[in-house]
Amino acid sequence: MKINSVKYFAREASKNVFSNGWMSLASVFTVVASLLVFGIVMVLVLNLNHMVAKMESDYEITMTIDENLTEAETKRLGQILEDIPNVSEVVFESKAERMEALRVQFGDNASLLDSYQGDKNPLRNWYKIRCVDLNLFSETVEAVKPLHGVVKVISNSEIIKKLTSFSSYVSRGSIVLMFALAIISIFIISNTIKLTVFARHKEINIMKFVGATDWFIRWPFIIEGMLIGFIGALISSAVMSLVYKGLTSLFLSLQIGFMSFIPMGDIVLLMTTVFIFMGIGLGAIGSLIAVRKHLKV
């Protein structure tokens, strides 16, 4: 394509956007509405996956240790745990550290634990381990149970099964939902752009009669659709950024333990990139679909 042709198509597309003000505005708001719906679902799904991944990474299997083990044997047990496949981290807590943590939890009532200090401490030392992959959680628990010095394994297996199952459903469901929303967006946007094309069908017919090729007629409409999509994407990104910032600040102020959100900078960059590509792509596809039947003269 020649540079002069590109300049002509871009100039015609820009002129058409502004000369068909209300139609262009309707198309822009259709793009904005479609991208906002898609964006809300995308951000929700991404943050759900982020929360599930964080819960998985924070999940710990706890093992209470036989009090008769020597210090050397306890350290050796920790080394054995580190060598078990699927173990990503091993943390030791002495019974004194556990008692101190309990005192912090009791707050103003910590004095109730004063009689359980020193040799009277009824707690046991324990190890906490984290898994690389929670889907292999059962195998890891079975590998830990028979180890010398391990008295009890606390694993909450039912919680893990529900967590991994939920993570799987969210991942599969999000792909299907986002694909469906993309198809719906293309349909809505193409039908809206059809109105702008129909309003200029006489202009298209005249161009055909004077010998203009189909692609010569198409390109200004395609670029116009891409421009409308780009403007809609910028507006959608700005709105979603403000909404995301407000909602995350609100939820974080509630201090709900499991709530964890993707950082603002990361989500805005991802969202803006996706919106721009989707907006331009949907605008171009919508224009191609809309102008196709008017080329049959």
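**Close-up 1. Surroundings of K128 in the predicted model.** Leaving aside its neighbours within four places in sequence, K128 is in contact (heavy atoms within 4.5 Å) with E60, I61, T62, E89, V90, V91 and E93. K128 belongs to strand β3, which covers residues 126–131; helices (H or I, at least four residues) and strands (E, at least two) are DSSP runs, numbered from the N terminus. With a relative accessible area of 17%, K128 is buried, where buried means under 20% relative accessible area, exposed over 50% and partly exposed in between, for a 1.4 Å probe and protein chains only. This is a predicted model, in which local features need pLDDT of at least 70 and side-chain atom pairs count only at pLDDT 80 or more, while totals for chains, interfaces and linings use all residues. Residues are numbered from 1 along each chain as its sequence is written, and side-chain values use heavy atoms, with hydrogens and water left out.

**Close-up 2. The protein chain and its elements.** The secondary structure of the protein chain comes to nine helices and four strands, which from the N terminus on follow the order α-α-β-α-β-α-β-α-β-α-α-α-α. Of the 297 residues in the protein chain, 39% are buried. Among contacts in the protein chain with a separation of 6 or more, 84% are between residues 24 or more positions apart.

**Close-up 3. The loop residue N86.** N86 is placed in the loop between α3 (71–82) and β2 (87–93). Although N86 is not a glycine, it has a positive phi of about 80 degrees; most residues other than glycine have a negative phi. N86 is also buried, with a relative accessible area of 14%.

Close-up 4. Leaving aside its neighbours within four places in sequence, Y244 is in contact with V43, N47, F261, I262, M264 and I267.

**Close-up 5. Helix α8 against α9.** The axes of α8 and α9, which are lines fitted to C-alpha atoms over the stretch in contact, with angles running from 0 to 180 degrees between N-to-C directions, come within 6 Å and cross at roughly 150 degrees. That makes α8 roughly antiparallel to α9, since angles under 35 degrees count as roughly parallel, over 145 as roughly antiparallel, 65 to 115 as roughly perpendicular and the rest as oblique. By class, the contact of α8 with α9 has 19 nonpolar, nine polar and two charged residues; Ala, Val, Leu, Ile, Met, Phe, Trp, Tyr, Cys and Pro count as nonpolar, Asp, Glu, Lys and Arg as charged, and the others, Gly among them, as polar.

**Close-up 6. Helix α7 against α8.** The axes of α7 (residues 201–209) and α8 come within 9 Å and cross at roughly 150 degrees, which makes α7 roughly antiparallel to α8. I204, M207 and K208 of α7 and D214, F216, I217 and F221 of α8 make the contact, which by class has five nonpolar, no polar and two charged residues.
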